Amino acid sequence: MRVLRCHTDRTKRIATEGSPNLFLTVSEDGTVRQHDLRRPHRCRAECPDVLFRAPLGVDLYSLSVGELAPHTFAVAGQTDVAYVCDRRKPEHQTPSWGKHTMRASQVYCVRRLGLPDSEWAKVRMGRYASEQHITCVKISPDHPDEVS
């Protein structure tokens, strides 16, 4: 058994991608990391680079890896949007909705999903106005371009 302490806050989900050695983790520190058990490392000194970093102050706690397209993953947390990322594309390709990652080692987010502003206005008027976040995100096992 190995203990990995690469995140600076609680790890919320682990997602495998069909390999016994590779898996992704998402944490309340707002980051996603890819771990490879074939590579020994000392935590904090040699941890894997951050794959995705949420906007400042956003805790992440939901993660899904595409079964048919394991190079894609979706992540969500304390924000009103979910991010769909592609590990094959470089980060420097900025989507039309703006740059939100910070380092060259991070991945390209191909999609940002959320309710239109008019729908959020209806939610804001409800009793849970301060809780506008996505609790779970899942990439369809049959259709890798569908996220629920």
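This is a predicted model: local features need pLDDT of at least 70, side-chain atom pairs count only at pLDDT 80 or more; totals for chains, interfaces and linings use all residues.
The protein contains one helix and eight strands. From the N terminus on, the elements follow the order β-β-β-β-β-β-β-β-α. Of the 148 residues in the protein, 39% are buried. Among contacts between residues at least 6 apart in sequence, 47% link residues at least 24 apart.

Strand β2 spans residues 22–27 and is mostly covered. Six of its six residues are buried. In a regular strand, side chains alternate between the two faces of the sheet. In β2, L22, L24 and V26 point one way. F23, T25 and S27 point the other way. Both sets are buried.

Strand β1, residues 11–16, runs antiparallel to β2, and five bridges join the two. Within this pairing, R13 has V26 of β2 as its bridge partner. The hairpin of β1 and β2 has five residues between the strands. There, G18 adopts a positive phi near 90°. Strand β3 covers residues 31–36 and also pairs with β2 in the antiparallel sense, over five bridges. Here the bridge partner of L22 is D36 in β3. The hairpin of β2 and β3 has three residues between the strands. In its turn, G30 has a positive phi of about 85°.

Strand β5 is largely enclosed by the rest of the structure, because six of its six residues are buried. Strands β5 and β6 pair in the antiparallel sense over five bridges. Six residues connect β5 to β6 in a hairpin. Across this pair, V65 stands opposite F73 in β6.

The largest nonpolar core holds 18 residues. Of these, V32, F52, L60, F73 and V75 touch the most other members. Strands β2, β4 (50–53), β5 (60–65), β6 (72–77), β7 (81–90) and β8 each supply at least two residues of this core. Another core, of seven residues, lies apart from the largest one. Among its members are A74, V84, I134 and I139.

The surroundings of V32 can be traced residue by residue. Leaving aside neighbours within four places in sequence, V32 contacts L24, T25 and V26, among others. Its partners also include V50, L51 and F52. L60, L63, F73 and V75 are in contact with V32 as well.

V110 lies in strand β8, residues 107–114. Its relative accessibility is 30%, so V110 counts as partly exposed; the buried class ends under 20% and the exposed class begins over 50%. The C-alpha atoms of V110 and V84 are 5.8 Å apart, although the two residues are separated by 26 residues along the chain.

The largest pocket has a volume of about 220 Å³. Its lining comprises 13 residues. Q34, D36, R39, E46 and P48 lie nearest the pocket centre. Strand β3 gives the most to this lining, with three residues. By class, the lining has five nonpolar, three polar and five charged residues.

Terms used:
Residues are numbered from 1 along each chain as its sequence is written. Side-chain values use heavy atoms; hydrogens and water are left out. Buried means under 20% relative accessible area, exposed over 50%, partly exposed in between (1.4 Å probe, protein chains only). Helices (H or I, at least four residues) and strands (E, at least two) are DSSP runs, numbered from the N terminus. Two strands pair if DSSP finds at least two bridges between them. On a 1 Å grid over the protein atoms alone, a cavity is a set of points where a 1.4 Å probe fits but cannot get out, and a pocket is an open set with protein on both sides within 12 Å along at least five of seven lines; lining residues have an atom within 4 Å of a point. Grid points are joined across faces, edges and corners, and a volume is the space filled by probe spheres set on the points. Ala, Val, Leu, Ile, Met, Phe, Trp, Tyr, Cys and Pro count as nonpolar, Asp, Glu, Lys and Arg as charged, and the others, Gly among them, as polar. A nonpolar core is a set of buried Ala, Val, Leu, Ile, Met, Phe, Trp, Tyr and Cys residues joined through side-chain atoms within 4.5 Å. Contact means heavy atoms within 4.5 Å.
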